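Me: I'm new to reading protein structures. Could you walk me through some features?
Reply: Happy to! Let's look together.

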Amino acid sequence: MASSAPGGGSGKIERLSSIDAQLRLLVPAKVSEDDKLIEYDALLLDRFLDVLQGLHGDDLREMVQECYEVAAEYETKHDLEKLDELGEMITSLDPGDSIVIAKAFSHMLNLANLAEEVQIAYRRRVKLKKGDFADENSAITESDIEETLKRLVFDMKKSPAEVFDALKNQTVDLVLTAHPTQSVRRSLLQKHSRIRNCLVQLYSKDITPDDKQELDEALQREIQAAFRTDEIRRTQPTPQDEMRAGMSYFHETIWKGVPKFLRRVDTALKNIGINERVPYNAPLIQFSSWMGGDRDGNPRVTPEVTRDVCLLARMMAANLYCAQIEDLMFEVVYVALQR
């Protein structure tokens, strides 16, 4: 199945859907009419091939595209001749080109995963908007907090007061732990996040032509930056490095995500009849960390290391609070000046 993407790219290049998308088409009853995975995938592939062509020339782009198409044909038809053809293409490469092509396919796999993440989030939003859940078992995981509370009240016959009391008296403790086997560098993960955000904005319904062009250019820049970033961490991370990597989730996600979630909880409670906010001293979510303090036999985790990571965590927390206080000060001054 061929799919075209908006914007640039060579018209001679046939952009095939991903293998995952092809498999989805085998079960059309389970594929939403709003499924945009093929479109997302095709756009990212097209932009990446443009980047590859700019960096390494037409011949390498054509070789990557040919390998991709032959592999897709083999996966679809299970034709052994296509497998032999693919093997001959790969073994005929010189060492320099083989390294670039291997890196290209690794990058293409990352882009395919990003496309699928965006598509899953899109389908989830559509389901929430329509109130359409596949079955009772998946409804809780696919719904938001308001849907969950409504099910407790209307389906399980719990009173709103019971739900509110239970909510106030529970805490979810999320424990951050280091993963020294995680080889992907934080800088690359950040670039992937920016690619994901560009893709989401690019397919917004209210996007203007100028915004679309700018986002498309930003998407290509981020894809090129990710491709030119070394994927593998070349030195073993220290416990302090692991702590910094773990704390980056606070900077990028948790710091803004948790208040947003708590506001959504308050809204959900209001919609089931509770006109009271969750008390500030009721920590629905709190965080703990094993990073730099896990005594599981790691000889590099010493008392001095644990002290260092604790100080590091405190410094990061202080910086986050200082930045928030500065923002609040500017808002207060702005409001005062408007009077």
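Me: Does Lys-157 count as buried or exposed, and why?
Reply: Keep in mind that this is a predicted model. The general idea is to compare relative accessibility with a cut-off: exposed means over 50%. Lys-157 has 67% relative accessibility, so it counts as exposed.

Me: Where does Lys-157 lie?
Reply: Look in the loop between α7 and α8 (160–168). Lys-157 follows α7, and its phi is near 60 degrees, a positive value in a residue other than glycine.

Me: Which residues are buried in helix α7?
Reply: In α7 (residues 145–155), the buried ones are Ile-145, Leu-149, Arg-151 and Val-153. Here is a general idea for reading such a list: an α-helix has 3.6 residues a turn, so residues three or four places apart point the same way.

Me: What about Asp-266: which helix is it found in, and is it buried or exposed?
Reply: Asp-266 is found in helix α11 (residues 239–271). Buried means under 20% relative accessible area, so Asp-266, at 15%, counts as buried. Leaving aside residues up to four places away in sequence, Asp-266 touches Arg-277 and Val-278.

Me: And how should I read a value between the two cut-offs? Take Asp-97.
Reply: That is the partly exposed class. Asp-97 has 31% relative accessibility, so it counts as partly exposed. Asp-97 lies in helix α5 (residues 95–130).

Me: Which residues form a nonpolar patch on the surface?
Reply: Tyr-321, Ile-325 and Met-329 do, with about 350 Å² of accessible area together. Ile-325 is found in helix α12 (residues 303–338), and its 48% relative accessibility is why it counts as partly exposed.

Me: Last one: what is the volume of the largest pocket?
Reply: About 1,400 Å³. Of the 42 residues that line the largest pocket, the closest to its centre are Leu-189, Ser-248, Tyr-249, Glu-252 and Thr-253. The elements giving two or more residues to the lining are α5, α9 (186–202) and α11. The largest share, 13 residues, comes from α11.

Key. Residues are numbered from 1 along each chain as its sequence is written. This is a predicted model: local features need pLDDT of at least 70, side-chain atom pairs count only at pLDDT 80 or more; totals for chains, interfaces and linings use all residues. Side-chain values use heavy atoms; hydrogens and water are left out. Helices (H or I, at least four residues) and strands (E, at least two) are DSSP runs, numbered from the N terminus. Buried means under 20% relative accessible area, exposed over 50%, partly exposed in between (1.4 Å probe, protein chains only). Patches are made of residues with over 30% relative accessible area and no salt bridge: like charges are joined within 9 Å, nonpolar side chains (Val, Leu, Ile, Met, Phe, Trp, Tyr) within 5 Å. Accessible areas come from the Shrake-Rupley method with a 1.4 Å probe; for residues, only the protein chains shown count as cover. A salt bridge is a side-chain nitrogen of Lys or Arg within 4 Å of a carboxyl oxygen of Asp or Glu. Contact means heavy atoms within 4.5 Å. On a 1 Å grid over the protein atoms alone, a cavity is a set of points where a 1.4 Å probe fits but cannot get out, and a pocket is an open set with protein on both sides within 12 Å along at least five of seven lines; lining residues have an atom within 4 Å of a point. Grid points are joined across faces, edges and corners, and a volume is the space filled by probe spheres set on the points.
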